[in-house]
Amino acid sequence: MKVCFQKGFLWCRWIPVISLACLVGCGPVALPERYQAREVPVTNDGELSYQQVEGMNEQIAGVMEEIFGGPGEPKMPAGAPASLKVSGKSLPESASLYRRHCVHCHGLSGAGNGPTAPFLFPKPRDYRLGLYKFTSTTADAKPTRQDLLNTLRIGVVGTSMPAFNLLDEDERHALVDYVIHLSVRGEVEYVVMEVVADEEMDESELREIAVDEASSEMARWENAGDMVLMPETPEPEFTEASVKRGHELFVSADLQCAACHGYTGRGDGPSAEVNPQTGQPLLDSWSERIAPANLTLGLYRGGRRPVDLYRRIHQGIKGTPMPVLRSAFRNNPEDIWHVVHFVQAIPYMDLDPIVVETTPSASPAEGD
Amino acid sequence: MQKLWSILFLGLLVFGVWFFYYGMTTPGMWLPEQASTYANDVDYLFNVILWITGIAFVLTEGALVWFLWRYHATEGRKATYIHHHFWAEIIWTVVPAVILIYIAVAQYGTWNNIKRNPMLTGPEQKQAMAQIVARQFEWRFRYAGLDGQPGVAGVDDDNNGTADDWDEWGYPGSDDVESVNELHVPIGEEMVFHLRSFDVLHSFFVPDFRVKQDAVPGLVIPLWFQVLENQLESGQAYKDYDLICAELCGWGHFKMQGKVRVHTQDGFREWLREAEQKYRDPG
């Protein structure tokens, strides 16, 4: 302490004062009153970029806030089906839970643009397109509530989406309620933006369009449960013969699995990076680069159950270049299961990179 | 004024002792309950070291306080330069050396039992009950299933002449079960687990069991524990314990929490059966 009074060290006494002064501004961050202006995809000379359109937010803000509320007081549109809000928590309470657990990746409006998102690949889901990759429903249907609950409970393995099985069930329902809210809001917002970009419209007409769109989207969510895909045939036993048959199909010209996933399943096929027809790199519906799954890892993002793999093949993966292959199997629906068995066996096999007709170079023993 | 430093260090001494006293006597602030068979051994070592260092702290801090008070700077008094005090140097070398050797000997048995137990590796190794794969930022578990055998018996996947078990986990067609962030175990049984990492360093830490082991990418590290029978009361089906990551692994390290659910022996088999069914259920 004596040093503080000595010549040359008198400046030290300012250290505690300055440190305290630097704390000014530390405190809870206020919730914004409205969502950030949305960006729209714009293509200039084949270059895709996202831009904010001047004044767009102001034009549609009134209508959007009336129907969906703001970040602090969200609400479902009038006439929302009861199945879209199941938990015991109100939507503002769900929003608060969302901000605690989800917002740092998925962003305030569910745009997948939270502060953690730039560090992640694959990117967190942007709910605003209403597209969800891993569902039990058909290719043009929304996910069921159970699909979203599964994603929350188990996470998405191979990505940064963690498993939230330590939350209790009502909290997970609350988060699903809010995700559906953000999703419906996002889709309605896009339609409204398209309309406003095309022509001038007064607020009441815009509101009508928005309400109609919201109703139709919510109806699709409500009916998703009717669109669950159940396997057409029961799963046959896991045998060496089944895996062999699956391998044949995998490399066949009809299915073209190997074109993307590669002959060794590593996701390095000839069409893996660039679509041979268009010459464009593979993109998903969110305009991000996407790669075919590396099947040798044994990590299945949409679930590892046999029925999950069945659904990926039968109905494709929404929003990605993984196609709906149902029609290729219409003559032999059981063949899908053989492909599933082969996919399950790939991580345990040592596949020959050269195309082989019928015999894999190493095969598992008979399952029991 | 010069005696102020002496008072301050005395305050530090008093506060330090009080702080530990407060922690040890307040419920929830000290060690968690001992839920495994070697938890008591670990706690014993903890307390031995705490008391040794605590007494050393009080003695040395007390000496410091006394010297600061008695020999504080005064106007007109020069400091004495002392060098080379043979017996002081002998004492302060030998005493700590003896203490350290004592600690090394005292912990040897416990360390051997936990980290070098014959059931972990070598000719007497036990079949692992589950494989634990630490991943940013979750815990993935693969269980050997009701047949007690990971994968499918007799498969030699890496062509080394023996049917290893650790790389056959989750073999398709087997009854192996996977779970995320929830480790299910039966009570009262010595269980071996194989710990791996998918990407970076993590550490498998269950405070109530006193088990902590770094997960090193590229290595398969066996660990074991046994939950004490007294953890489940009669009629209670299961009890949950916290599992946390104890090695900084990235931005989500704080979130990398799981739970260990201890079932009764029958309850555990029932859970395995249900998990296997859910896997096969096309619903």
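Chain B brings 33 residues to its contact with chain A, and chain A brings 32 residues in return. Keep in mind as you look around that this is a predicted model. Between the two chains about 2,800 Å² is buried, and carbon and sulfur atoms give 56% of that area. On the chain B side, B:Pro172, B:Trp251 and B:Tyr279 supply 23% of the area buried against chain A, more than any other three residues.

The rule finds one salt bridge across it, and the partners are A:Arg304 and B:Glu178, whose side chains meet at 3.2 Å, N to O. There are also 11 residue pairs in polar contact between chain B and chain A, both residues being at pLDDT 80 or more. Several elements of chain B each supply at least two residues of the side that touches chain A: α1 (3-25), β2 (138-143), β3 (177-180), β10 (257-263) and α4 (265-280). By class, the residues on that side of chain B divide as follows.

| Class | Residues of chain B touching chain A |
|---|---|
| Nonpolar | 12 residues |
| Polar | six residues |

At one point along the pair, B:Pro186 stands opposite B:His263. Strand β4 of chain B covers residues 182-186, and five of its five residues are buried. In a regular strand the side chains alternate between the two faces of the sheet. For β4(B), one side holds B:Glu182, B:His184 and B:Pro186 and the other holds B:Leu183 and B:Val185, with both faces covered.

Now over to chain A. Helix α5 runs through residues 145-154, and its buried residues are A:Arg145, A:Asp147, A:Leu148, A:Leu149 and A:Leu152. An α-helix has 3.6 residues a turn, so residues three or four places apart point the same way. The buried residues of α5(A) pack against α6 (169-198) and α7 (203-222) of chain A. After the helix comes A:Gly155, with a positive phi near 75°.

Another stop in chain A is A:His261, which is found in helix α9 (residues 257-261). Is A:His261 buried or exposed? Its relative accessible area is 13%, and A:His261 therefore counts as buried, the limit being under 20%. A polar atom of its side chain lies 3.0 Å from the backbone oxygen of A:Ala293. Leaving aside residues up to four places away in sequence, A:His261 touches several others, including A:Phe250, A:Arg266, A:Asp268, A:Pro292, A:Leu295 and A:Met322.

Technical notes
Residues numbered from 1 in each chain as written. Chains lettered and ligands numbered in written order. Predicted model: local features only at pLDDT ≥ 70, side-chain atom pairs only at ≥ 80, totals over all residues. Heavy atoms only, no water. Contact = heavy atoms within 4.5 Å. Buried area = accessible area lost by both parts, 1.4 Å probe. Salt bridge = Lys/Arg side-chain N within 4 Å of Asp/Glu carboxyl O. Polar contact = N/O pair within 3.5 Å; in protein donor to acceptor, adjacent residues only side chain to side chain. Helix = DSSP H or I, 4+ residues; strand = E, 2+ residues; numbered from the N terminus. Nonpolar A, V, L, I, M, F, W, Y, C, P; charged D, E, K, R; others polar. Buried < 20%, exposed > 50% of the residue type's maximum accessible area, 1.4 Å probe, protein only. Pairing = 2+ DSSP bridges.
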